[in-house]
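Subject: Structure handover

Hello,

Here is the structure I promised you. Please open it first, then read my notes beside it.

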Amino acid sequence: MVEKLNDANSSPTLDQVKILQKALKWPQDQVFPVLDILRLCIRNQFVNKCFCNKQDGAAFISYIQQITSINCKTANKMLVFRTLCNAFQCDTGSNLLKNSREEITTLLMDCKSIKNKNLQIALSSVLLNYAVQQHSEQNAEAKFELLSAVETVLEVEQEDEANFRLVVALGTLTHNDHDSKSLAKSLEIAQTINRLQSKTSVQKLIDSAKGLLQILQ
């Protein structure tokens, strides 16, 4: 059953998905392996629709908020963020996350100061997915909120790979977008990037920071 759920091209049954949904109700200290299965199988179109459709999507977001609340285990939060990244791969999940952007951004901000490499990378990856999603959208409010969220996370000391993905997210949002560039300037993002660039020795981060600063000129 697990192999069938994990295969993005397979056809799992509704009963199998219901077993997964039931297992997700396990206690915090036992649910980690179930979350790992969800992380993989949410890429499957059928499973994605079961969790992210219009009827059940609100309950899924509520579960995400519950499992990432302040007293929950860091490892569980990390898997949830990885699950969200994979959920973007299907239209149903992408649409749900687009409509739930404010709720998801809020829970990301609540976790921004957790000193855990894997969580930081997963968190920054969610923001990068949102940046890619919004790049071609004419939604100034959404872009401003994302720019502000990414800048806020960058203000907190992050792992280099997480910082790299955040810088790429900023570049994605501002590339060939005059309004987003103006918003980024109003947030003084260039100052944050200059500070970041001076503290790292990772070449791809240095290069991406340079590229972003060029965009913001």
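In which loop is Cys-111 found? Cys-111 sits in the loop between H8 and H9. Helices (H or I, at least four residues) and strands (E, at least two) are DSSP runs, numbered from the N terminus.

Some ground rules before the rest. This is a predicted model, in which local features need pLDDT of at least 70 and side-chain atom pairs count only at pLDDT 80 or more, while totals for chains, interfaces and linings use all residues. Residues are numbered from 1 along each chain as its sequence is written, and side-chain values use heavy atoms, with hydrogens and water left out.

**Cys-111**

Cys-111 is buried, with a relative accessible area of 1%. Buried means under 20% relative accessible area, exposed means over 50%, and partly exposed is in between (1.4 Å probe, protein chains only). Cys-111 is in contact with Thr-68, Lys-77, Phe-81, Leu-119 and Leu-123, leaving aside neighbours within four places in sequence. Contact means heavy atoms within 4.5 Å. Ser-69 is 42 residues from Cys-111 along the chain, and their C-alpha atoms are separated by 8.8 Å.

**Helix H6**

H6 covers residues 74–87, 14 residues in total. From first C-alpha to last it reaches 20 Å, close to the 20 Å expected at 1.5 Å a residue. The expected span is 1.5 Å times one less than the number of residues.

H6 is mostly covered, with 11 of its 14 residues buried. Among them are Lys-77 and Phe-81, both of which are also contacts of Cys-111. What covers the buried residues of H6 includes H3 (32–41), H4 (45–52), H5 (57–67), H7 (91–99), H8 (101–110) and H9 (117–134).

The buried residues of H8 are Arg-101, Ile-104, Thr-105, Leu-107, Leu-108 and Met-109. Their cover includes H5, H6, H7, H9 and H10 (140–154).

Now look at H5 beside H8. Their axes come within 10 Å and cross at roughly 10°. Axes are lines fitted to C-alpha atoms, for helices over the stretch in contact, and angles run from 0 to 180 degrees between N-to-C directions. H5 and H8 are therefore roughly parallel to each other. Angles under 35 degrees count as roughly parallel, over 145 as roughly antiparallel, 65 to 115 as roughly perpendicular and the rest as oblique.

Ile-61, Ile-64 and Gln-65 in H5 meet Glu-103, Ile-104 and Leu-107 in H8. By class, this contact has four nonpolar, one polar and one charged residues. Ala, Val, Leu, Ile, Met, Phe, Trp, Tyr, Cys and Pro count as nonpolar, Asp, Glu, Lys and Arg as charged, and the others, Gly among them, as polar.

**H9 beside H11**

The axes of H9 and H11 (residues 160–174) come within 8 Å and cross at roughly 10°. That makes H9 roughly parallel to H11. The contact has 10 nonpolar, five polar and two charged residues. Those from H9 include Leu-127, Leu-128 and Ala-131, and those from H11 include Leu-166, Ala-169 and Leu-173.

**Aromatic pairs**

Rings of Phe, Tyr and Trp (its six-membered ring) pair if their centres lie within 6.5 Å; planes under 30 degrees apart count as stacked, over 60 as edge-to-face and the rest as tilted. The count comes to two aromatic pairs. In one of them, the rings of Phe-88 and Tyr-130 have their centres 5.0 Å apart and their planes at 90°, so the pair is edge-to-face. This pair links distant parts of the chain: Phe-88 is in the loop between H6 and H7, Tyr-130 is in H9, and they are 42 residues apart. Phe-88 and Tyr-130 are both buried.

Most residues other than glycine have a negative phi. Asn-176 has a positive phi of about 55° although it is not a glycine. Asn-176 lies in the loop between H11 and H12 (178–186). It is exposed, with a relative accessible area of 71%.

Glu-188 also has a positive phi of about 55° and is not a glycine. Its place is the loop between H12 and H13. Glu-188 is partly exposed, at 46%.

Gln-197 is in H13 (residues 189–199). It is buried, with a relative accessible area of 18%. Gln-197 touches Ile-206, Ala-209, Lys-210 and Leu-213, not counting residues up to four places away in sequence.

Best wishes
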